[in-house]
Amino acid sequence: MKNLLIATTALVATAGMAAAEINFSGGARFGVTYNDSRASETAVHTRFTLNIDGTAETDSGVEFFARVRVRGGNTGDTGLAATTVSAPRVGATMGGLTVAAGNINGAIESLPGLYSGSVGLTGLSWGGVVTNYSGAGAWGWDAFSSDGGGSNGVEVIYSSNGFGVHVSQAGASGAARTAINVSYNFSDWTVALGHQSSDVALEDTTILTVAGTIGNVAVGFAHADNEGNNDATRINATFEVGAGTKVNSNVKIGRASCRERV
């Protein structure tokens, strides 16, 4: 009887739903990196990413979705890794509201302007991100993991008429993170405010970002009030210097922790 009930529930849940669509997207990059702190200062860098997205929509307009990511890549000739598949992010969208679970994107990771001004093939290990600081190390917040299990959390996202809000929560008691970002887009400008409260020491943070364009120059500002007196500020600009050519620059004041995100 229990097995029959489960099967019946699944059948009802899928009634009125169109056949699922599977879409593929992704990209690849390659180049040479230089770091004078490594034994081999010059190293070959490669990366390939394949996103697999499944969607299905009910007659009532609710869209269910799921994503997994296949990623492989290496830098240098030591510590090489094979291509892996991520844990899934699954959820549903209706109108401007999205609810997702599993390998979530995370509210801080999704904060508009967080990565603005990053330069280089690999982002120069993202040292310009104001929430990366040496007190708690790099990446002290929840984000979609391209080659692992991720946070296995829950997030709610809403957007309407330029206004957006994103709330996420993940982690067991003693290691839980709760985060929110609120943003508003007007004309060519976006202002966003994010906050994370974490059970893990030195992971609490509040971030303000402003990004926009002046003529053909994209400009940005970010400031993070990081726990443990690890505040950081960044100013960045991107200049168009020709067809398909841009120059990115940023200046960060504050402590930094650098590591490539996978």
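Tutor: What follows is a set of questions on a predicted model, each answered by setting a value against a cut-off.

Student: Why is Arg 47 called buried?

Tutor: Buried means under 20% relative accessible area. Arg 47 has 14% relative accessibility, so Arg 47 counts as buried. This residue lies in strand β2, which covers residues 42-57. The C-alpha atom of Arg 47 is separated by 5.5 Å from that of Ala 28, and the two residues are 19 apart along the chain.

Student: What makes the pair of Tyr 115 and Trp 126 edge-to-face?

Tutor: A search of the whole structure finds four aromatic pairs, and Tyr 115 with Trp 126 is one of them. Ring centres must lie within 6.5 Å to pair, and planes over 60 degrees apart count as edge-to-face. For Tyr 115 and Trp 126 the values are 5.3 Å centre to centre and 85 degrees between the planes, so the pair is edge-to-face. Both residues are in the loop between β6 (97-102) and β7 (153-160), eleven residues apart. Ring pairs also link Tyr 115 and Trp 126 with Trp 139 and Trp 141 into a cluster.

Student: What makes Ser 187 stand out in its phi?

Tutor: Most residues other than glycine have a negative phi. Ser 187 is not a glycine, and its phi is positive, about 55 degrees. Ser 187 is found in the loop between β9 (177-186) and β10 (189-198). Its relative accessible area is 65%, and the cut-off for exposed is over 50%, so Ser 187 is exposed.

Student: Which class of accessibility does Leu 202 have?

Tutor: Leu 202 has a relative accessible area of 26%, so it is partly exposed. Leu 202 lies in the loop between β10 and β11 (205-214). Its phi is near 70 degrees, a positive value in a residue other than glycine.

Terms used
Residues are numbered from 1 along each chain as its sequence is written. This is a predicted model: local features need pLDDT of at least 70, side-chain atom pairs count only at pLDDT 80 or more; totals for chains, interfaces and linings use all residues. Side-chain values use heavy atoms; hydrogens and water are left out. Helices (H or I, at least four residues) and strands (E, at least two) are DSSP runs, numbered from the N terminus. Buried means under 20% relative accessible area, exposed over 50%, partly exposed in between (1.4 Å probe, protein chains only). Rings of Phe, Tyr and Trp (its six-membered ring) pair if their centres lie within 6.5 Å; planes under 30 degrees apart count as stacked, over 60 as edge-to-face and the rest as tilted.
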